[in-house]
Amino acid sequence: MTSILKIPELGAAEAARRAREVLDAGGVVAFPTETVYGLAVRGDDPAALERLYRLKGRDRDKPLARYVDSAAAVGEIETAVSLRAEKLMRAFWPGPLTLVLDDGSARRGYRCSSHPVASLMAAGTGRVILGSSANLSGEPPIEDAAELPERLGPELELILDEGRNLAGLASTVVDLPRAGGFRVLRPGEIGIDLLRAELRSLLVIVCSGNTCRSPLAAALLARALAERDLGDAEACELEIRSAGLSALPGLPASPHSRTIASGRGLDLERHASRLLDPRTLERADRIYTMTAAHREAILAERPDLEDRVLPIAGPGHDIVDPYGGDLAVYEACARELDLAVKAVLEQL
């Protein structure tokens, strides 16, 4: 038999506690989000998962979303979170956005609702709570709790009634493929223009004089981004700059860097060095440094940027300045940059 509890009478904390009890017992819970009603079960309970799929008439190969209470919770689950995901979570979470992430081995969906009951259900319990919108597959989502028993039947153990109609427009579902770009799998409250705007990024690659390493790295990264096969995903707008911590503005790229670039089909002939300035630091979504010393110098002035300033070759690895070396030294540096650029692509 279905229990119906009124959230305004119970309060969000007690409603969430009751929901967790039902989930722990293998039940299916219907609850409000900021958009429409959702369904939830324990993700580590195979019988409950089977009930939810059967209840919705949903294909078993279509994954359910995991409810989380914060972006930090996703970071504890995923081995790596891309810049695209970080930007969308920062802009729209908690809120009406479901993200589908791909780590190369599996695709997982995440929903971080701003409704207090949904947030409290998922917060700090160690439970894996999976679900989707409260409707039969292919039918419109439900915004009025009074419709839940009739449309979904008696298999709901608990309905948490918000006491008013919800917004009625489901969350926007965005797929972030590992190769890059984004797909809108389900239009919702967040429009595609807002998504495009938020996914614009500025990447800055930093060395000392901005004549040897950073111009070449920027050119290599720009080409690698252009050559990615995104399939049917829409590309994100990425601006790539290079700069130097001690650069004299207006100098050309070093002769050996230009030679290396030319041999790889790249053009550094119009490069003019620039000094890393405060405005660029403020705007950059990622700042990649050639050495740990470069990173430390930036963070000495801007410790608040610690999460945005990264060594391009990874922690503990410096790309040594080839300045003054022969062409072979520059070629060795370029090979290191090739590897570094591949790693950067994985982060975007």
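## Basis of the model

Two strands are said to pair if DSSP finds at least two bridges between them. Helices (H or I, at least four residues) and strands (E, at least two) are DSSP runs, numbered from the N terminus. This is a predicted model, in which local features need pLDDT of at least 70 and side-chain atom pairs count only at pLDDT 80 or more, while totals for chains, interfaces and linings use all residues. Residues are numbered from 1 along each chain as its sequence is written, and side-chain values use heavy atoms, with hydrogens and water left out.

An open sheet is formed by 10 strands in the order 1-8-2-3-7-4-6-5-9-10, with mixed pairing. Strand 1 (3-6) and strand 10 (183-186) are its edge strands, each pairing on one side only. On average, neighbouring strands are turned by 30° against each other, direction ignored. For such angles, axes are lines fitted to C-alpha atoms, for helices over the stretch in contact, and the angles run from 0 to 180 degrees between N-to-C directions.

Strand 5 (residues 97-102) has five of its six residues buried, so it is largely enclosed by the rest of the structure. Buried means under 20% relative accessible area, exposed over 50%, and partly exposed in between (1.4 Å probe, protein chains only).

With strand 9 (residues 172-176), strand 5 pairs in the parallel sense over five bridges. Here valine 100 has aspartate 175 as its bridge partner, and leucine 99 stands opposite valine 174. Strand 6 (residues 107-111) runs antiparallel to strand 5, and five bridges join the two; threonine 98 has arginine 111 of strand 6 as its bridge partner. The hairpin of strand 5 and strand 6 has four residues between the strands, and glycine 104 in this hairpin takes a positive phi near 100°.

## Helices across the sheet

Helix 2 (residues 12-24) lies across strand 1, strand 2 (29-32), strand 3 (37-42), strand 7 (129-133) and strand 8 (158-161), and runs at about 165° to strand 8. Helix 3 (residues 46-56) lies across strand 3 and strand 7, at about 150° to strand 3.

The buried residues of helix 3 include Leu49, Leu52 and Tyr53. Its buried residues pack against strand 3, strand 7 and helix 7 (148-152). At the N-terminal end, helix 3 is capped by aspartate 45, which has a side-chain oxygen 3.2 Å from the backbone nitrogen of alanine 47. Just after the helix, glycine 57 takes a positive phi of about 65°.

## The largest nonpolar core

A nonpolar core is a set of buried Ala, Val, Leu, Ile, Met, Phe, Trp, Tyr and Cys residues joined through side-chain atoms within 4.5 Å. The largest one has 31 residues, of which Ile205, Leu216, Leu221, Met290, Ile312 and Leu337 touch the most other members. At least two residues of this core come from each of strand 11 (201-207), helix 9 (213-227), helix 10 (255-263) and helix 13 (327-347). Leaving aside neighbours within four places in sequence, leucine 221 is in contact (heavy atoms within 4.5 Å) with Leu203, Ile205, Ile240, Val341, Val344 and Leu345.

## A buried loop residue and the cysteines

Threonine 211 lies in the loop between strand 11 and helix 9 and counts as buried at 15% relative accessibility.

Zero disulfides (pairs of cysteine sulfur atoms within 2.5 Å) are found in a search of the whole structure. Cysteine 333 is in no disulfide, and the nearest cysteine sulfur, that of cysteine 212, is 8.1 Å away. Cysteine 333 is buried, with a relative accessible area of 5%, and cysteine 112 is buried at 2%.

Terms used
Polar contact = N/O pair within 3.5 Å; in protein donor to acceptor, adjacent residues only side chain to side chain.
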